[in-house]
Amino acid sequence: MMAAPQEQQLGTPASSRDWSPASWQRKPAAQQPVYPDAEALQRVLAQLARLPPLVTSWEIENLKQQLAEATCGERFMLQGGDCSESFDDCESSAIASKLKILLQMSLVLVQGGKKRVIRLGRFAGQYAKPRSSDSETRDGVRLPSYRGDMINRTGFTPEERTPDPELLLRAYERSGLTINFIRSLIEGGFADLHHPEYWELAFVANSPHASEYKRMVDTIGESLRFMETLTGCVLADINRVDFFTSHEGLHLYYEQAQARQVPRRTGWYNLSTHFPWIGDRTRALDGAHIEYFRGIANPVGVKIGPSITPDEALAIADTLNPRNEPGRLTFIHRFGAAHVEECLPPIAETMQRKGRSILWCCDPMHGNSETTRSGFKTRRFEKILFELETSYRILKACGTHLGGVHFELTGDNVTECIGGASGVTEADLAGEYRSQLDPRLNYEQAMEMALLLARLMARNPH
Ligand code: PEP
Ligand code: CO
């Protein structure tokens, strides 16, 4: 029998299929800014390509290995952070609180799932955003849409909205500052499991979940002390936890400048982040993003929304992961509470039937956005939870498992999503609505989500 076209490619490395860091330029590239001064852009890109990398190939390979273990059900991946980072928030308390919330949630998930958790921040590079329209009109004035701090500015004037290549350098530098601070905190023992009190956020004590969280922390402390008594040594390996970075690899000139070759390894790595992902709007099979991503060695994610078909998903898997390596490809599914029951089973069944190695990560945020009568973009806690729980159940029924979750969240006390035990209502949204783009779970909502997911995992292990 003749092999299907996608199967003929199995095992063929991207490098032998005419790939280069610039080969995406031959394909249609969606969601790219238009720079008025092409020479200024080229000057900036040349500088970017010379700057030292932000991450290393061995960290990337370590993450890929851990994601391979999550694909087999031995670990769980927690990915979270802002929809979009802002230059203004590149300061110590905002960075530390993002780290704290992810650490606390991961501790809860370790308890519930009884497996190690991979912590993947949506930070240190999450500065470019896809938009539904290229332009925005106010009072008859039309200007380019705001596309993230890496590209232009939020103010509504021609100067602020014109894409400015210098911002690519500012974004790279801030990514470097962020990752430097995160590494120092972790090196200094901030993430030491012996000291979870370091991660407490100011308002943890007021949370309705404070006592449940405290109980979990105490249990972990007791287990650590028990193991240390038993083995007679401090569990150095457990002292430190890993942290990895991720961002949407949207701006292809920026990402191209980050594709590097490293000594003693074959292939190309994107050394600006451990885990880049392709957004739902830019995952066209013959598009520029898939072309760029197929040639880099990092583990990669692809967001998939309701418009994906099983054939498309299969073709994406075969293009991005021709050797079917576990850990290389994560599908971050974001169908929404209204569509998950109809959309997820056919995709998951197809991948299972064809034996494709996929890490399934549920993003219950992006399919559940709505705009209130008063004009706030928001998301409802119960819909987010429904999509999460339904995905968990569906993937199990398909013979695979939910291997990760993807949240937009913040350690701050914002009022952007509705619901949860602390009871943010539609009327409360105006109080502390700070996101420029998508609404994030606040600290209490994020912790409650983690606690509920941990309970689900504990009750239904796979
Ligand atoms: C995002 O993650 O912020 C985003 C734009 O998601 P998606 O590509 O799934 O719409
Ligand atoms: Co978003």
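A salt bridge is a side-chain nitrogen of Lys or Arg within 4 Å of a carboxyl oxygen of Asp or Glu. The model is a predicted one, in which local features need pLDDT of at least 70, side-chain atom pairs count only at pLDDT 80 or more, and totals for chains, interfaces and linings use all residues. Residues are numbered from 1 along each chain as its sequence is written, chains are lettered from A and ligands numbered from 1 in the order in which they are written, and side-chain values use heavy atoms, with hydrogens and water left out.

**Salt bridges**

By the rule above, the count comes to 29 salt bridges. A network of salt bridges links Arg122, Lys377, Arg379, Glu408 and Asp438.

| Pair | Closest N and O atoms |
|---|---|
| Glu136 and Arg138 | 2.9 Å |
| Asp438 and Lys377 | 2.6 Å |
| Asp412 and Arg434 | 3.6 Å |

The salt bridge of Asp438 with Lys377 has its closest N and O atoms 2.6 Å apart. Asp438 lies in the loop between β14 (402–408) and α14 (443–459) and Lys377 in strand β13 (residues 377–379), so this pair ties together parts that are 61 residues apart in sequence. Helices (H or I, at least four residues) and strands (E, at least two) are DSSP runs, numbered from the N terminus.

The partners can also be described by their cover. Buried means under 20% relative accessible area, exposed over 50%, and partly exposed in between, with a 1.4 Å probe and protein chains only. Asp438 is buried, at a relative accessible area of 9%, while Lys377 is partly exposed at 34%. In the pair Glu136 and Arg138, Glu136 is partly exposed with 25% relative accessible area, and Arg138 is partly exposed with 39%. Asp412 has a relative accessible area of 28% and is partly exposed; Arg434, at 46%, is partly exposed too.

Glu85 lies in the loop between β1 (75–81) and α4 (92–113). Glu85 is buried yet has no salt bridge, and the nearest side chain of opposite charge, Lys98, is 4.2 Å away. For charge, Lys and Arg count as positive and Asp and Glu as negative, with His and the chain ends not counted. What does the side chain of Glu85 reach at 2.9 Å? The backbone nitrogen of Gly125 is at that distance, and the backbone nitrogen of Gln126 is reached at 2.8 Å. These are polar contacts, meaning pairs of N or O atoms within 3.5 Å; within protein, one must be able to donate a hydrogen and the other to accept it, and residues adjacent in sequence count only if both atoms are side-chain atoms.

**Around ligand 1**

Among the residues around ligand 1 are Cys83, Arg122, Trp277, Lys303 and Glu408; a residue is near if one of its heavy atoms lies within 4 Å. Oxygen atoms of ligand 1 are 2.6 Å from a polar side-chain atom of Arg334 and 2.9 Å from one of His366. The protein covers 97% of the 290 Å² of accessible area that ligand 1 has on its own, by the Shrake-Rupley method with a 1.4 Å probe, where for residues only the protein chains shown count as cover.

**Helix α11**

Helix α11 (residues 310–320) is mostly covered, with 8 of its 11 residues buried. The buried residues include Ala313, Leu314, Ile316 and Leu320.
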